[in-house]
Amino acid sequence: MKKLYPFLAGLLAGSVLLAACGSTATPDPQLQIRQSVAATLAAIPTPTRSEMPLPIPTATPFSLVGLFCEYQFCIGHPPEMAFFDVSAQQNPGNVSGYAQGMLAAYSANLFIQVLWQTAPGATDPQFLMNLIQDDAYDTRTGEMSAKLVHNMNVMYTSIGSNASPLLPFGGVGGWVCGDRVFAWKIYTPDSGSPEALFNEALNRFTCGQ
């Protein structure tokens, strides 16, 4: 976790500068996203130091039986995790709602983030996928794929991240449902889980249109 401390220190400094500008300043969406990443990654338990050599990481099978339903949509998530409202945590007077919002969830070996906003007439979710990716810490490592899921235009790409040395792999997905665009991001310890978890989460997705 030592490599994570400079990352968190930078984010905390940024949040102090933002607060000093006064209530009239327009919040930077990517700064808010970065702060939520920092807060949740900081809460992930540090693994106990082992005197034995660590084994080579392998893909971990996850069971996705949880379901989050709020803001007129539902989305699947691993049972050991629970989404919380990032907007409300950062500013109690600015909770998520139907028109826009941001959720995050974490466990000992996963970090997931969901972002949405209304965009009537939009058919391409890439603009919101670009927003949920952090320019300083996320790097696209795969080709963008597109498919139709539940009559929704869905896009996905794999990413690498240096936000935490514990979770170097990830993926970003986006889709359009009704008059809203959604983006989803995950960090994992292995490269085999992100897309599978995205597909399982989206298979349980529904939204009020």
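Aspartate 190 is buried (under 20% relative accessible area, with exposed over 50% and partly exposed in between, for a 1.4 Å probe and protein chains only) yet makes no salt bridge. A salt bridge here is a side-chain nitrogen of Lys or Arg within 4 Å of a carboxyl oxygen of Asp or Glu. Lysine 147, the nearest side chain of opposite charge, sits 17 Å away; Lys and Arg count as positive and Asp and Glu as negative, with His and the chain ends not counted. What the side chain of aspartate 190 does reach is the backbone nitrogen of glycine 192, at 3.0 Å. Aspartate 190 belongs to the loop between strand E10 (180–188) and helix H5 (194–203); helices (H or I, at least four residues) and strands (E, at least two) are DSSP runs, numbered from the N terminus.

This is a predicted model, in which local features need pLDDT of at least 70 and side-chain atom pairs count only at pLDDT 80 or more, while totals for chains, interfaces and linings use all residues. Residues are numbered from 1 along each chain as its sequence is written, and side-chain values use heavy atoms, with hydrogens and water left out.

As for confidence, pLDDT (the predictor's confidence in each residue, from 0 to 100) averages 79 over the protein chain, and 69% of the residues score at least 70. Residues 47–55 fall below 50, and beyond near neighbours in sequence this stretch has one contact in the model, a contact being heavy atoms within 4.5 Å.

Strand E2 (residues 73–77) is largely enclosed by the rest of the structure, because five of its five residues are buried. In a regular strand the side chains alternate between the two faces of the sheet. Both faces of E2 are covered, with Phe73, Ile75 and His77 buried on one side and Cys74 and Gly76 on the other. E2 runs antiparallel to E1 (residues 66–70), joined by five bridges; strands pair if DSSP finds at least two bridges between them. Glycine 66 has histidine 77 as its bridge partner in E2. The two strands make a hairpin with two residues between them, and tyrosine 71 in the turn has a positive phi of about 55°. E2 also runs antiparallel to E11 (residues 206–207), through two bridges, and phenylalanine 73 has cysteine 207 as its partner there.

Glycine 174, in strand E9 (residues 169–177), is buried too, with a relative accessible area of 0%. Proline 125 is 49 residues from glycine 174 in sequence but 5.3 Å away in space, C-alpha to C-alpha. Contacts of glycine 174 beyond four places in sequence include Pro125, Met129, Asn153 and Phe198.

Terms used
A polar contact is a pair of N or O atoms within 3.5 Å; within protein, one must be able to donate a hydrogen and the other to accept it, and residues adjacent in sequence count only if both atoms are side-chain atoms.
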